Amino acid sequence: MNKKIVHDALVLMAFSLVLGGILGAVYQITLPAITQAEYEKTQKAYKAVFADAESFEELEYDKAAAEEMMAAGGFKDSIDSVQKAIVGGEVAGYVVTVTAKDGSQGSITMSVGIRNDGTVNSYSITSISETPGLGKKAVEPDFIENFEDKNVSEFIVVKTAPTADNEIEAIAGSTITTNAVANAVNAALVYARSLVGGAQ
């Protein structure tokens with residue numbers, strides 16, 4: 001009886017090792033394709049919010065300091081990455097990727113293009129789990145254009161038709177999502193303005 005248990009355990013262990021090896025090999029084979037797909041996705045998002053940039057260079061930043069800045073500003077957002085947008089060999093602005101943690105159905109990750117003078121070019125959402133037909137309208141061009149080419153100190157959400165450049169009308173039935181997106185753009189603005197030689 002004991003011999004059978006030992007035998008079965010050895011067979012199971014051997015099977016697990018072989019299966020693990022196969023999975024590891026498959027992962028190593030597919031990793032370059034996954035990495036390339038992620039790269040292309042992020043580059044597309046950067047280009048969507050800084051169309052005239054000739055290239056993007058990753059900026060090394062202090063993540064802990066960024067978290068402190070967000071907390072001090074009352075933001076429930078995290079700065080995930082910062083890219084310098086290069087135009088004519090010069091830094092024309094930044095693409096700040098930020099994750100809003102206060103969406104209606106979960107976190108929302110987006111890249112925000114901001115020029116050196118503080119003008120928001122646009123934003124591009126790369127991850128969202130909001131409700132289709134409601135909060136997911138935040139990815140639609142008709143909503144995104146409310147933020148485009150705006151130079152304001154901050155965006156605020158209103159429930160009626162906007163009367164000022166910094167006012168964003170809430171998506172019907174999705175005020176929480178609208179606030180999350182507006183706050184994320186504001187967080188990106190605050191961080192971009194803090195960069196040496198960045199948006200003032």
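Are Tyr-123 and Phe-147 buried or exposed? Tyr-123 is buried, and Phe-147 is buried too, where buried means under 20% relative accessible area, exposed means over 50%, and partly exposed is anything in between (1.4 Å probe, protein chains only). The model here is a predicted one, so local features are taken at pLDDT of at least 70 and side-chain atom pairs at pLDDT 80 or more, while totals for chains, interfaces and linings use all residues. Residues are numbered from 1 along each chain as its sequence is written, and side-chain values use heavy atoms, with hydrogens and water left out.

Aromatic rings come up next. Rings of Phe, Tyr and Trp (its six-membered ring) are paired if their centres lie within 6.5 Å; planes under 30 degrees apart are stacked, those over 60 are edge-to-face, and the rest are tilted. On that basis there are five aromatic pairs. One of them joins Tyr-46 to Phe-56 in a tilted arrangement, with 5.5 Å from centre to centre and 55° between the planes. Tyr-46 sits in helix α1 (residues 2–49) and Phe-56 in strand β1 (residues 55–58), so this pair ties together parts ten residues apart in sequence. Helices (H or I, at least four residues) and strands (E, at least two) are DSSP runs, numbered from the N terminus. Both Tyr-46 and Phe-56 are buried.

Tyr-123 belongs to strand β5 (residues 120–127), whereas Phe-147 is in the loop between α3 (141–144) and β6 (156–158), so the link spans distant parts of the chain, 24 residues apart. Ring pairs also gather Tyr-123, Phe-143, Phe-147 and Phe-155 into a cluster.

Thr-119 is found in the loop between β4 (108–115) and β5. With 12% relative accessibility, Thr-119 counts as buried. Neighbours within four places in sequence aside, Thr-119 is in contact with Gly-113, Ile-114, Asp-149, Lys-150 and Asn-151, contact meaning heavy atoms within 4.5 Å. The Thr-119 side chain also makes a polar contact with the side chain of Asp-117, at 2.9 Å. A polar contact is a pair of N or O atoms within 3.5 Å; within protein, one must be able to donate a hydrogen and the other to accept it, and residues adjacent in sequence count only if both atoms are side-chain atoms.

Helix α2 (residues 63–72) has its N-terminal end capped by Asp-62, with a side-chain oxygen 3.1 Å from the backbone nitrogen of Ala-64. Following α2 comes Gly-74, with a positive phi near 80°.

With a salt bridge taken as a side-chain nitrogen of Lys or Arg within 4 Å of a carboxyl oxygen of Asp or Glu, the count is two salt bridges. Arg-115 bridges to Asp-52, with the closest N and O atoms 2.8 Å apart. This pair links distant parts of the chain, Arg-115 being in strand β4 and Asp-52 in the loop between α1 and β1, 63 residues apart. Arg-115, at 25% relative accessibility, counts as partly exposed, and Asp-52 is partly exposed at 36%. Lys-84 and Glu-57 also form a salt bridge, at 3.7 Å from N to O. Lys-84 lies in strand β2 (residues 77–87) and Glu-57 in strand β1, so the pair ties together parts 27 residues apart in sequence.
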